[in-house]
Amino acid sequence: MAADTVSVPFDVYRFQPGKDARPRYQRYTLDLAPHTPILTGLLQIRDEIDPTLGLRYSCRSAICGSCAMQINSKSRLACETQVGPELERHGRIVVEPMRNQPVLRDLVVDQSPFWREYNKIEPHLKLDPRRPMPAGQPTAMTPAQVERFKETPRCIACAACYSACPAAEVDPEFPGPMALAKLYRFVVDPRDTAHQERLVRIQPNGLWLCLRCHLCTEACPKDVRPSERIRDLKEMAIAVQGATELGSRHAVGFKENLKGAGQINEMKLVRATFGLTGMVGQIGQGIRVWRKKPEIMKKPRKIEGMDELDKIYAALDPPAKEEP
Amino acid sequence: MKIAYYPGCLAQESAKELDMATRWVCRTLGIELVEFPNFSCCGSGFIDEANEVLNIAINARNLAIAEKAGLDMLTICSTCQGMLNLAKVRIQDPTVKSRVDAALKPLGIEYKGTVQVKHLLTVLTQDIGLPAVKAKVRRPLQGMKVGAFYGCHLLRPADEMHSESAEEPHSFEDLLAAVGATPVDYRGRVMCCGFPVLFVKPKTANTIAGRQILDAKAHGADAMATPCPLCHTSLDAYQNKAAKQVDARLDMPVFHLPQVVALAFGATPEELGLSRHLVRTDAAIAKVQPSGSA
């Protein structure tokens, strides 16, 4: 072993659909300096040990977004993840393809689900044809308008967020973090004229399926913070359409719920979300839980200083004006 | 130590057993819980979706109550911890701060930003310290394999939560080991429990919960433990639904974090309200080998 190198065991996911009955993990051991990027290790495996290893990469500089994969169960760019810290924590480096997208071969996935959702949000400016942008001249934005873009344009479409997303894993209808962050980018663009339409269209089977688990924000190599922009979209969607979806009804219902006692009234919340008739479907499970936890039917204790809370609501959440 | 106790809504209602166990643990370790009947709900992440600034103001009021008393806050719920802490972070934005201040000042409430919010997990592992926890163990949970389940808002976003590594935390496992249990390593421990869409799309929520339980089970867990009563609802109260979605028998006992610690401190299942769980916990407790036999 050369000086300053360590022995690094890689357990690499290998699978050729149609040829292999099931995936397997192949062990390759390399002597590498601790600061070596995992991508460098994988390329060394491919060049020196096993030319059949399938992987996708290009720039090696965390710009192109091609080499996203699962490294010790985390969604990461292989080019900017070093072997040293992974080895220290796990004693080995388990490399797997991204999740939530079908495997084509080894570490290469079919990204069509990811791009399909991206295309669905119509990721292009929708301008007002009556007010064309002045040819050859810049359109000015205020610093406050620009501030709202500070994160989303950094996205390199690597799909690390999509790979990390538990909603995308379970729900093929969920657009995924990247598509929603991109949608936000157009919704807040002052040149775009389809804000309302975009916010209305994304709600059924879209926006409200986000679990706000922040796994996407953690996975993102460019700090785009999709989960926080999805939160912004939710508030904007309620402002545009009111509480019309189960998700928005639950959020608004929760907000209204505190007005009585300052603490959550579980029964009242169920009613606000589902409506009286919708509650019928909840009865079976409700009784099951109630038998062990009778408090779910009880009114909560009213907090002291409820008047303060009422005044905070009056100041920051005034009742919405009726539609004309 | 003396700390402002922020139990959150569920521990006062349907998750009363969490409050019982917290008091047991704190009594044993000499943590004095100061109660404030004026604390309100943290908004549970839902008010944040509907009105961000309102949510910050509600929590700034909670923070100011403890701050005025010169105490840090103790939470026993990952979501309460997340929401209170997020309010501390987001109020640093001058636009947000001026709106929140304008609502609070007329009420004579001032939030200065000096109060710290700590989850029980942090208090036990950092403030009290594992040696002091260990010293109170009367019945080490030897032989019980436990999968820690952290809950999203305790960990993420890591830069805002100032949490330990969001993807590879270890404090909960360290605590479990300190009370004699064997922590189980599995991917699901840092994943989502599905709770936020339990009402919106139950099928999704239950499937997500079921997968994490299956993962813990596949790695040999006799039980799971969580620092969040919302995760507990998903994993325990709705486990029957989760089992249906993943088409498997789960039978996974799920403890609240302080229940595991209190069990090791010598509390009885009755004192910890274990009979209130939807999934029976006795099989997991039966795994504990009597001291000296291992």
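## Briefing: chain contacts, charge and burial

A:D171 sits in the loop between helix 6 (166-170) and helix 7 of chain A (helices are DSSP runs of H or I, at least four residues, strands are E runs of at least two, and both are numbered from the N terminus). At 5% relative accessibility, A:D171 counts as buried (buried is under 20% relative accessible area, exposed over 50%, partly exposed in between, with a 1.4 Å probe and protein chains only). A:D171 touches A:L209, B:K201 and B:T204, leaving out residues up to four places away in sequence (contact means heavy atoms within 4.5 Å).

This is a predicted model, in which local features need pLDDT of at least 70 and side-chain atom pairs count only at pLDDT 80 or more, while totals for chains, interfaces and linings use all residues. Residues are numbered from 1 along each chain as its sequence is written, chains are lettered from A and ligands numbered from 1 in the order in which they are written, and side-chain values use heavy atoms, with hydrogens and water left out.

**Salt bridges between the chains**

- The count over all chains comes to 59 salt bridges (a side-chain nitrogen of Lys or Arg within 4 Å of a carboxyl oxygen of Asp or Glu).
- B:E168 and A:R89 meet in a salt bridge at 2.7 Å, N to O. B:E168 lies in the loop between helix 9 (158-161) and helix 10 (171-178) of chain B and A:R89 in helix 2 (residues 83-90) of chain A, so the pair joins two chains.
- B:E168 is buried at 12% relative accessibility. A:R89 is partly exposed at 49%.
- B:R211 and A:E169 form a salt bridge at 2.9 Å, N to O. B:R211 belongs to helix 11 (residues 202-218) of chain B and A:E169 to helix 6 of chain A, so this pair also joins two chains.
- B:R211 is partly exposed at 35%, and A:E169 is partly exposed at 23%.
- B:K201 pairs with A:E173 in a salt bridge at 2.9 Å, N to O. The pair crosses between chains, from the loop between strand 6 (182-183) and helix 11 of chain B to the loop between helix 6 and helix 7 of chain A.
- B:K201 is buried at 19%. A:E173 is partly exposed at 37%.
- A network of salt bridges links A:E151, A:R229, A:R231, A:D232, A:E235, B:D48, B:E52 and B:R90.

**Helix 7 of chain A**

- In helix 7 (residues 177-187), 11 of the 11 residues are buried, so the helix is largely enclosed by the rest of the structure.
- Its buried residues include A:K182, A:Y184 and A:R185.
- They pack against helix 3 (112-120), helix 5 (160-164), helix 8 (195-201), helix 9 (215-219) and helix 10 (226-241) of chain A.

**B:D72**

- B:D72 is in the loop between helix 4 (52-68) and strand 3 (73-75) of chain B. At 26%, B:D72 is partly exposed.
- B:D72 and B:K2 are 70 residues apart in sequence and 8.3 Å apart in space, C-alpha to C-alpha.
- Beyond neighbours within four places in sequence, B:D72 contacts B:I3, B:A4, B:T114, B:V115, B:Q116 and B:K118.
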